[in-house]
2 protein chains.
Amino acid sequence: MTFRNLKIKPGRLLETIHETASSFGAKGIWGPEKTQTGVCRLTLSDLDKQVRDWFINETKQLGCSIKIDEAGSIFATYPGKDNSLPPTAIGSHLDTQPTGGRYDGVYGVLSGLEVLRTLKENQFVPNYPITVINWTNEEGARFPMSIMASSLWSEQVDKKTIYNLKSVTDSEPVTVEHELKRIGYLGDTKASYKHNPIAAHFEIHIEQGPILENEHKEIGIVTGVQAYAWYKVKVSGKASHTGTTPFSARSDALLAASKMIAKGNEIATKLGGLFSVGILDLSPAVVNVIPGDVSFTMDARHVKDETLAQLVEEAKLEFTKISKESGKSISVEFDHIYTSNAVKFHPDCIKCVSDSATQLFGESKVRQITSGAGHDSCATSARVPTSMIFIPSRDGVSHNPEEYSTPEQVENGFQVLLHSVLQYDQLRKDRE
Amino acid sequence: MTFRNLKIKPGRLLETIHETASSFGAKGIWGPEKTQTGVCRLTLSDLDKQVRDWFINETKQLGCSIKIDEAGSIFATYPGKDNSLPPTAIGSHLDTQPTGGRYDGVYGVLSGLEVLRTLKENQFVPNYPITVINWTNEEGARFPMSIMASSLWSEQVDKKTIYNLKSVTDSEPVTVEHELKRIGYLGDTKASYKHNPIAAHFEIHIEQGPILENEHKEIGIVTGVQAYAWYKVKVSGKASHTGTTPFSARSDALLAASKMIAKGNEIATKLGGLFSVGILDLSPAVVNVIPGDVSFTMDARHVKDETLAQLVEEAKLEFTKISKESGKSISVEFDHIYTSNAVKFHPDCIKCVSDSATQLFGESKVRQITSGAGHDSCATSARVPTSMIFIPSRDGVSHNPEEYSTPEQVENGFQVLLHSVLQYDQLRKDRE
């Protein structure tokens, strides 16, 4: 029996998504149907404990062995023919944003569960074990570090740092370590790719953007994640009276900032990247006073690290030029907040996804895509072959209760995941 | 004896300014000297009562009769030869902004007092009475209506409206009527230009802008006050992820607003007016979310009402165009807040100021100027011949403790006021 003939149970995955949403944190009604809400399931909360317990119970029933690592990440491993080698992994996260939807992260873990259920029902034994991973705190909403546990596992951050992170959503802040202990998920497996290895990491996720929907594609073959850089830009001018200060005597910080925002968009457009300003503060914020100080965040992105660096460099140059042209008392400063390098997924994994998607839906329904946002796969990709599968997001909406993909899209993505993982399993065997 | 030969006491006016500042509300230290603070003397506060009591005592000592009107405005009238006709008035205000300086308003009232002191010392009897007016609540800082009592006097607002105004600077808001009663300044003179007439209104004030200083002028002959219009502009776009939303799919409300702000400045520059955005709010205000909603205030000004209307109209058209070009989900709305028409001062009064200033300092040291900000003279100008005199403001700074004019500038302005008022007094006589 080849994996392409596995019988699947259409609709069960979506039922499971809705079941866990309803049982563990449904919130944010956006329609009359019972399934038309979002989910609020903050990491390491009581609701998170409940969904974790449920997940372990479900996977144990399928014959999985369970490991919990020091960061609370759960590894539910389904045995293969040769269990002496590391498992092929399917991972994502069951935690959500405070105003989260039903699909972000959850779709990835529960699709992994559905893969295991399908194997079990078909009595299909893969060549190597397959593990489904629930990574702790991907969202960074309760504890301010996104992609937390997978970054610990990939040794890109140290344990002490994550243990001491303090919650920002509790009136009395608590630490990650405290909450891991409290909900009983401080495991004894070392959180390290060296001590708890996997052979590869596949992740299915909603796109969280409008590209697939706009182009009527079913599947996005994710080839990497774009780089991004965050800066705080501070424009200092001079507050003065709107009525008594002629243009020639102004140092209008907001006018200068406005020109910078427009220019940043121009530069990013020219270089094929992105530029966004999400936060802008000004003072003194009085209707008849010209703002003396403006600060804004700059979020610049590009698929290539070097072009992102160029984008930032051009923005700095042009913003400085604008500040000089905008009044004798204007200056601009740039505070670096964070840079995340571009991630390129592994050709083997990409090929498995590409072959599976094309075979299932035809070339016209799939496209390669770069992820705009970060995922646990960014962390795993630093250590093991990794790639991702995207399905369309309605209106590109995410981090919002109205996050939605159609039942068909949910099912389609799952099938691509199933085939991709088993094709990779076969590839490992072929190369032995 | 002609009024041009009156002996003056140089320095006394500035001493009085500093004396009242120190005694009644000094606040906001900006230098080591005792006089290097601002003043916080909110209208109808205890400090305002104290400076009013002091002012009445000073003017009574000069032989003035005192009238207090229903809005608490004080009219201290120095007798002339013919007291059957209305007095020529010198008016301004003793209240300040919360972060006020020592000169805004105060300089005008105390210069009026200095005029009366000079007349008394020189035993100079004007043809008609001269009244010095302290108008209540010019600033609109404690009770949110600027130019309040003079607008009641000119019957441009009704008494009930001002009596019911609630304070915005008290933890327990109180009304104007309550505070007038509490400090004992709810007078019985009807606040009306018909029942308590004046023949003309002169006001000396700091420029609150940088024009005179930049052009090395001593005196500004104020010919009028520019018109202004305030709008709230609401830009509605669509919030979305900065990383996953390509430019083509964005409806970035902040980018559109930024282009509008730059365009508004262009239009105003072209039409010889002013355009300023003092307040800008956006949501959701998250570093990696494109703002879905932005609202900003638009403060447009021009010396001509019709050109101001054109400026606003062009801004509306261009902003709508920008919103249409900025994404399929972007729209813009304009909420009108307030329009103040242009004010043209009276040629007779302007001539008195112009003659006096030119005779004292020469043509090269004076210039005609349009006031950028509103003053009590805007209200009086609707009913009686009015004009104003400006002296330079260091760096154009006002509504700030660091508001400053040199002792010489303070003295120069006073001399122009003295001569202007007495020239007008003579003009009235000549025309009888």
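**Rings, cysteines and the interface**

Modeller: A search of the whole structure finds 22 aromatic pairs over all chains. Rings of Phe, Tyr and Trp (its six-membered ring) pair if their centres lie within 6.5 Å, with planes under 30 degrees apart counted as stacked, over 60 as edge-to-face and the rest as tilted. Phe319(A) and Phe334(A) are one such pair, 6.1 Å centre to centre with 20 degrees between the planes, and are stacked. This is a predicted model, where local features need pLDDT of at least 70, side-chain atom pairs count only at pLDDT 80 or more, and totals for chains, interfaces and linings use all residues. Residues are numbered from 1 along each chain as its sequence is written, chains are lettered from A and ligands numbered from 1 in the order in which they are written, and side-chain values use heavy atoms, leaving out hydrogens and water.

Biologist: Thanks! Are the rings of Trp153(B) and Tyr193(B) stacked or edge-to-face?

Modeller: Their centres are 6.1 Å apart. The planes stand at 65 degrees, so the pair is edge-to-face.

Biologist: And is Trp153(B) buried or exposed?

Modeller: Buried means under 20% relative accessible area, exposed over 50%, and partly exposed in between (1.4 Å probe, protein chains only). Trp153(B), at 0%, counts as buried.

Biologist: Which ring does the charged end of Arg428(B) sit over?

Modeller: A charge sits over a ring if NZ of Lys or CZ of Arg is within 6 Å of the ring centre and within 35 degrees of the ring normal. For Arg428(B), the distance to the centre is 4.3 Å, and the ring belongs to Tyr128(B).

Biologist: Nice. How many disulfides does the search of the whole structure find?

Modeller: A disulfide is a pair of cysteine sulfur atoms within 2.5 Å. Take Cys378(A): the closest cysteine sulfur, in Cys349(A), is 14 Å away, too far for a bond. Over all chains, the number of disulfides is zero.

Biologist: What area do chain A and chain B bury between them?

Modeller: Buried area is the accessible area (1.4 Å probe) that two parts lose on being put together, summed over both. Of the area here, 65% is on carbon and sulfur atoms, and the total is about 3,900 Å².

Biologist: Which residues in chain A lose the most area to chain B?

Modeller: Together they make up 16% of what that side buries. They are Thr244(A), Phe247(A) and Val287(A).
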